[in-house]
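Have a look at the model first, then read on.

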Amino acid sequence: MQVTSDMLAELIKAASDTMAEHDAEVTELDKTLGDGDHVINIRRGLGFLVEQSEEISQLDWADAWKKMGMTCMSKIGGASGSLIGTFFVAMGKDAAGKTVDPVVFAQAFNAAVEAMKARGKSDAGEKTMLDTLIPVANYLTENCGKTELPALLAGLKETAIKGMESTKVMHATRGRSSFLGERSVGHIDAGARSTQLMICAIAETIEAKL
Ligand code: ADP
Ligand code: MG
C-alpha cells in the first residue's frame, strides 16, 4: 500500500479527533508546566486544517505541507504555532519537486525537525515536543525504505511514545516550563504528549487501511 496525499483529510481528522479526546489530560500537563493553553492552540490550528482539508487533499505532498504550515503559523497562537508551522513549511520545501516515497518522506521529516530546532533555538533533552520528534526523525531515517509499512508504523508509534515518556525526568530549559527550573522534573511535557498523540493517531489511521 502507498500512502498518498489524498489521504490527508482523513489523517488531519485523526489528529483532530485524538486531541479532542485527550483535551483534558494534555491541558492539565500544560497547566502544570506552562499556562494551560496548549490544547486550545493546537485544536484551533487543527480546526482550520479540518476546514481546509478537502482542498489540502487535492494538492501534492509538498504543496499540502506548505499550506498546512502557513495555516499553523498564521492561526495557532503560542510558541507551538510558529514551531509547528515552521515544521510543515520546511517539510514542503524539502519535498518540493520530488516524488514522495518513504525515503524522501524521512528526509523531509528530518529537514523539518532541523528547521524547528533552529526556530526554537532548541535541541534534544530540553523537555519539548522535539523530544518526541527527534527520535521519530532518527527512526524514520533508519527504517524508511527498508522496513515494510506494518512494522514501520508499529515501530513509529513505539518510538514516539518512548520519546514522549523521556520528557518526564527532564529538566526544562526552553519555553515557559523552563521558568520552573528543577520543579519541571517529574512531569511530561504537553507538546511532547500532543505530538506523540497525533503521530500515533495518524499511524493508526494508516494501519486500519492495511
Ligand atoms: P506557549 O508555551 O507559548 O503557551 P503552547 O502552550 O502552545 O505555547 O506550547 C507549549 C509547548 O511548546 C511546550 O510544551 C513545548 O513542547 C513546546 N515548546 C515551547 N518552546 C519550545 C522551543 N523553544 N522549542 C521547541 N518546542 C518548544
Ligand atoms: Mg501554553
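In this predicted model, a polar side-chain atom of Ser80 lies 2.5 Å from an oxygen atom of ligand 1. Two further polar contacts (pairs of N or O atoms within 3.5 Å) join it in the table.

| Residue | Atom type in the residue | Distance to an oxygen atom of ligand 1 |
|---|---|---|
| Ser80 | polar side-chain atom | 2.5 Å |
| Asp189 | N or O atom in the side chain | 2.6 Å |
| Ala79 | polar backbone atom | 2.8 Å |

Ligand 1 has 570 Å² of accessible area on its own, and the protein covers 92% of that (Shrake-Rupley method, 1.4 Å probe).

Which residues come nearest to ligand 1? Of the 19 around it, they are Asn41, Ala79, Ser80, Ser122 and Asp189, where a shell residue has a heavy atom within 4 Å. Sorted by class, this shell holds four nonpolar, nine polar and six charged residues, with Gly counted as polar and Asp, Glu, Lys and Arg as charged. Helices α3 (38-56), α5 (78-95) and α9 (190-207) each give at least two residues to the shell, and α5 has the largest share with four.

Stepping back, the protein contains nine helices and zero strands (DSSP runs, H or I of at least four residues and E of at least two).

A note on conventions: residues are numbered from 1 along each chain as its sequence is written, while chains are lettered from A and ligands numbered from 1 in the order in which they are written. Local features need pLDDT of at least 70 and side-chain atom pairs 80 or more, whereas totals for chains, interfaces and linings use all residues, and side-chain values use heavy atoms, leaving out hydrogens and water.

Technical notes. Polar contact = N/O pair within 3.5 Å; in protein donor to acceptor, adjacent residues only side chain to side chain.
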